[in-house]
Amino acid sequence: MRTTLGLALAACLVAAPWPPALAADDHVVGGSGWFIPLSPGLYQAWADNRTVYVGDNLVFRFETGFYDVVQVGRREFDECTADDPYQIYRDGPAAVQLDAKGARYYVCTVGNYCSLGVKMYVIVEPR
């Protein structure tokens with residue numbers, strides 16, 4: 001019995017990857033949803049208190065037709081425009097995989113929602 005247990009343990013150690021893979025995380029933007037916040041800086045404050053890594057997902061919870069999520073460049077983010085968007089997510093909820101390190105900028109292009117604070121950026125760190 002001792003030999004069988006030893007062989008089983010050895011088989012597990014050989015089959016387990018080393019170093020162990022780090023699991024990706026889902027980050028629900030704002031903690032609950034993507035909508036007009038009570039404070040215009042809510043989403044940025046949320047993002048500033050998170051560390052996100054390559055492979056993680058940002059989950060934007062919003063009602064289709066009432067909001068959207070558009071990935072834009074820095075200038076568009078600052079100006080609340082989407083003249084040349086990288087990605088557009090119109091169906092909620094939207095899960096955005098972070099596939100490379102660096103800054104990612106997101107705005108809502110419905111009405112004046114961006115200027116009301118429905119925008120944020122994150123800095124994606126390497127894993």
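Reader: In what sense do β3 and β6 pair, and over how many bridges?
Author: β3 and β6 run antiparallel to each other and are joined over four bridges. Two strands count as paired if DSSP finds at least two bridges between them. Four bridges meet that requirement, so the two are called a pair. Within this pair, Leu 58 stands opposite Val 96 in β6.

Reader: What kind of model is this, and which local features are used?
Author: This is a predicted model, in which local features need pLDDT of at least 70 and side-chain atom pairs count only at pLDDT 80 or more, while totals for chains, interfaces and linings use all residues. Residues are numbered from 1 along each chain as its sequence is written, and side-chain values use heavy atoms, with hydrogens and water left out.

Reader: What makes a stretch of chain a helix or a strand?
Author: Both are DSSP runs, numbered from the N terminus: a helix is H or I over at least four residues, a strand is E over at least two. By that rule the chain has three helices and eight strands. Their order from the N terminus on is α-β-α-β-β-β-α-β-β-β-β.

Reader: Which strands make up the open sheet of three, and in what order?
Author: The order is β1-β3-β6, and the pairing is mixed. β1 and β3 are parallel, over three bridges, whereas β3 and β6 are antiparallel.

Reader: How is β3 covered on its faces?
Author: Asn 57 and Val 59 on one side, and Leu 58 and Phe 60 on the other, are all buried. Buried means under 20% relative accessible area, exposed means over 50%, and partly exposed lies in between (1.4 Å probe, protein chains only). Buried residues make up 32% of the 127 residues in the chain.

Reader: What is the order of the open sheet of five strands?
Author: The order is β2-β8-β7-β4-β5, again with mixed pairing. Its edge strands are β2 (52-53) and β5. Strand β4 (residues 69-72) pairs with β7 in the antiparallel sense over three bridges, and Gln 71 has Tyr 106 in β7 as its bridge partner.

Reader: Why is a set of residues called a nonpolar core?
Author: The set must consist of buried Ala, Val, Leu, Ile, Met, Phe, Trp, Tyr and Cys residues joined through side-chain atoms within 4.5 Å. The largest such core has 21 residues, and those with the most contacts inside it include Trp 34, Leu 58, Phe 60 and Val 122. The elements that give two or more residues to this core are α2 (42-48), β3 (57-60), β6 (94-97) and β8 (119-125). A second, separate core has six residues, including Val 70, Val 72, Tyr 105 and Val 107.

Reader: Which residues is Val 122 in contact with, leaving aside its neighbours within four places in sequence?
Author: Contact means heavy atoms within 4.5 Å. On that basis the partners of Val 122 are Ala 47, Val 52, Leu 58, Gly 102, Ala 103, Arg 104 and Tyr 106.

Reader: What makes Cys 80 and Cys 114 a disulfide?
Author: A disulfide is a pair of cysteine sulfur atoms within 2.5 Å. The sulfur atoms of Cys 80 and Cys 114 are 2.1 Å apart, so the pair falls within the cut-off and is called a disulfide. The rule gives a count of one disulfide.

Reader: Why is the disulfide of Cys 80 and Cys 114 called left-handed?
Author: The torsion about its S-S bond is about -75 degrees, so the disulfide is left-handed. Cys 80 lies in the loop between α3 (74-79) and β5 (87-89), and Cys 114 in the loop between β7 (102-107) and β8, so the pair ties together parts 34 residues apart in sequence.

Reader: How far is the sulfur of Cys 108 from the closest cysteine sulfur?
Author: The closest one, in Cys 114, is 7.9 Å away, too far for a bond. Cys 108 counts as buried, at 2% relative accessibility.
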